[in-house]
Amino acid sequence: LSNAYGREPVTIGAAHIARSLGGSRIDAGSDRALTFGGRSSVTLLPGAPVLSDPVELSAPALAEVAVSLYVPQDTALRSFHWEGLRDAYLAQGDRSAQAALDGAATIPSRPYLSGIYVESARRARSVVAFGDSITDGAASTPNRNRRWPDALAERLAPRGIAVLNAGISGAQVLNDGMGVNALARFERDVLAQRPDSVVVLMGINDIGWPGSTFEPAREAMSAQRLIDGYRQLIARARQAGVRIVGATLTPFEDALPDAPVKHYFNPDKERVRQQVNAWIRSSGEFDAVADFDALLRDPAHPTRMRAAFDSGDRLHPGDAGYRAMADSLDEAVLFGAH
């Protein structure tokens, strides 16, 4: 559990984990009470994580589990994954051990839960998907696990490979926004997970946000500044012995036409994207390249996303686009030749 963005302590009065039966229902026979140093309650300090005691609960690869938390005090919710694309269920009182939360309110976010560590019978290789809303799965079908890291996990799980999704919608390489910048969170979200490799797909918000409704006064992003940021990630990955794959930035002409966000795209920003992509492809500084731009762009209009892959907002792929992204990544790109 994490109170990473909290300003005050948060007390968890009770916590449970169980296999999910979908929606707010759990397999009651699998329900396990969680403890923290042998106690059923724990306080999350501002900015800090807490790890529960181990619990014995078998689950096959790709199984879904539900974590139930009871917060006994009125608490300002600051630490949560806001675009989780999975419903969380809110109910009054301590109902953490109940088999279903009928009539509960829903939010499409994940409060306090930052990760689940699983023991495997054999060593599992792992790859972290490190990115922004495109990695977070924005515009994919909610509650269906249609993000590109989900599709990649489905394909690789039978081979003993795990995929960790570290996407945050609105994330940037160099600036804080929705969460801290990539350089600030790389240690926590990538290196601390001790993966074999990481796929970096981030930078379109660094380019698109300045001058838009989001950041009207921010200075325009240059290709060189973004490249310098990537070089820092590359150096830190190499130092930790983690293979780092650079993904090209996907087309975004006329992005978000129906949203209140204006001026996300302009020709100058497109030139920066092209310069950054040229460097990712040709510099040889990443260990490998995932050319998502070439995969998703419209051959007849390369600065736009192909209609079959577009969610409709001209920025985020839809389910088919996310599936194509996952299908384009093979083990040689992710882990090198063996």
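Trainee: How many of the nine residues of helix 2 (residues 148-156) are buried?
Mentor: Seven of the nine are buried, so helix 2 is mostly covered, where buried means under 20% relative accessible area, exposed means over 50%, and partly exposed lies in between, with a 1.4 Å probe and protein chains only. Helices (H or I, at least four residues) and strands (E, at least two) are DSSP runs, numbered from the N terminus. This is a predicted model, in which local features need pLDDT of at least 70 and side-chain atom pairs count only at pLDDT 80 or more, while totals for chains, interfaces and linings use all residues. Residues are numbered from 1 along each chain as its sequence is written, and side-chain values use heavy atoms, with hydrogens and water left out.

Trainee: Which residues of helix 2 are the buried ones?
Mentor: They are Trp 148, Pro 149, Asp 150, Ala 151, Leu 152, Ala 153 and Leu 156.

Trainee: Is Asp 150 buried or exposed?
Mentor: Asp 150, which sits in helix 2, counts as buried because its relative accessibility is 17%.

Trainee: Which side chain does the side chain of Asp 150 make a polar contact with?
Mentor: The partner is the side chain of Arg 147, at 2.6 Å. A polar contact is a pair of N or O atoms within 3.5 Å; within protein, one must be able to donate a hydrogen and the other to accept it, and residues adjacent in sequence count only if both atoms are side-chain atoms.

Trainee: How far is Arg 147 from Asp 196, C-alpha to C-alpha?
Mentor: Their C-alpha atoms are separated by 21 Å, and the two residues are 49 residues apart along the chain.

Trainee: Where is Asp 196, then?
Mentor: Asp 196 is in the loop between helix 3 (182-189) and strand 13, and it counts as partly exposed because its relative accessibility is 22%. Its side chain reaches the backbone nitrogen of Ser 126 at 2.9 Å. Leaving aside neighbours within four places in sequence, Asp 196 has contacts that include Arg 123, Val 242, Arg 243 and Phe 335.

Trainee: Changing topic, what does the side chain of Ser 30 reach?
Mentor: The side chain of Ser 30 reaches the backbone oxygen of Asp 27 at 2.7 Å. Ser 30 lies in the loop between strand 3 (25-26) and strand 4 (32-33), and it is buried because its relative accessible area is 1%. Not counting residues up to four places away in sequence, Ser 30 touches Ile 17, Ala 18, Arg 19 and Leu 57.

Trainee: What is the phi of Ala 139 near?
Mentor: Phi of Ala 139 is near 75°, a positive value in a residue other than glycine. Ala 139 belongs to the loop between helix 1 and helix 2 and counts as partly exposed because its relative accessibility is 40%.

Trainee: What about the phi of Leu 256?
Mentor: Leu 256 also is not a glycine and has a positive phi, of about 60°. Leu 256 is in the loop between strand 14 (243-247) and helix 6 (267-282), and with a relative accessible area of 13% it is buried.

Trainee: Zooming out, how many helices and strands does the protein chain have?
Mentor: There are nine helices and 17 strands in the protein chain, and 43% of its 338 residues count as buried.

Trainee: What radius of gyration does the protein chain have?
Mentor: The value is 20 Å, which agrees with the radius near 20 Å that a compact globule of 338 residues would have. The radius is taken over C-alpha atoms, and the globule rule is 2.2 Å times the number of residues to the power 0.38. Along the principal axes, the C-alpha atoms fill a box of roughly 55 × 50 × 35 Å. Of the contacts with a separation of 6 or more, 73% come from residues 24 or more positions apart.

Terms used: Contact = heavy atoms within 4.5 Å.
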